[in-house]
Amino acid sequence: MSETKIIVNCATGEQTIVPLTTAELAQRDQDAAAAAEAQAEREAAAEALAALKASARAKLIAGTPLTEEEAAVLVI
Amino acid sequence: MALRRLSTSSIQTNGKSSKLWDQTTFQSGMFAIATVSLTSSASQVIFDNIPADYTHLQVRIVARSASTGGSMRIDFNSDGTGTNYARHLLMGDGSSSSSTGASGDSATAAVGDFPVSSSTSNTFSGYVIDILDAFKTNKNKTIRSLSGHDLNGSGMIQLRSALWMSQNAITKIRIYEGAGSNFAANSHFALYGIKQG
């Protein structure tokens, strides 16, 4: 993976390819970690919602009482 | 520069003149400032020393990620670590739609998603990003982004807006991927200036 940035001087049109600085590399690592964490949270939330819906549907079909949370995902 | 020429009749009538084009100066329109085409992957594209000759700026992008991250980010004038940006999103993927937003909690403007390395090969996302009143020093800056991509069976379209809470004139635009990935080769970035007469 090339860790470079392309800088365009719009006044002159000159383009230079510059390696990322140590600070920029560290920021990239932080960004990657934060993105991975956010993605994991989104996936966990989606899985929890799907499980809640499945449980609500099953209880509805079986005629058993739904929890407040289960009712909320079925009724808008 | 607009030229003004007095005719014989205008001198005689003391009030008539006509505005003529000098055939050199463009008063209004859209002008290409700079273009970057990646021949190999790169982490960031930076437009620096942007001339303040325009009313608005427009960035057009065709992009794909070289790895797993596919979130397009923009920041201005090296302001990329605070909480000076707000963002809003409307999106649809053909089967569902969603919206979200956040204010004052972001170090950059998120302007759209694009295909990652595991997406359908040779698919890229297209962007048109308007940066309004980019050089006005009496207002914060607003950004409007329309983007989308088709992955032969899936895809999405996004309409985003963002705010940079700074009244500084924009001199520098940094474009990068928000999860630390690189832009793939053949990604393309073009900056235009828009002049209003």
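Biologist: What should I know about the ground rules?

Modeller: Residues are numbered from 1 along each chain as its sequence is written, and chains are lettered from A in the order in which they are written. As the model is predicted, local features need pLDDT of at least 70 and side-chain atom pairs count only at pLDDT 80 or more, while totals for chains, interfaces and linings use all residues.

Biologist: Why is B:D113 called buried?

Modeller: A residue is buried if 20 or more other C-beta atoms, placed from the backbone, lie within 10 Å of its own. B:D113 has 21 within 10 Å, so B:D113 is buried. B:D113 lies in strand β9 (residues 109-113) of chain B, strands being DSSP runs (E) of at least two residues, numbered from the N terminus.

Biologist: Which residues does B:D113 touch, leaving out those up to four places away in sequence?

Modeller: They are B:G70, B:S71, B:M156 and B:Q158; contact needs C-beta atoms, placed from the backbone, within 7 Å.

Biologist: How many residues does each chain bring to the contact?

Modeller: Chain B brings 22 and chain A brings 19. On the side of chain B that touches chain A, β4(B) gives the largest share, five residues.

Methods
Contact = placed C-beta atoms within 7 Å. Helix = DSSP H or I, 4+ residues; strand = E, 2+ residues; numbered from the N terminus. Buried ≥ 20, exposed ≤ 12 C-beta atoms within 10 Å, placed from the backbone.
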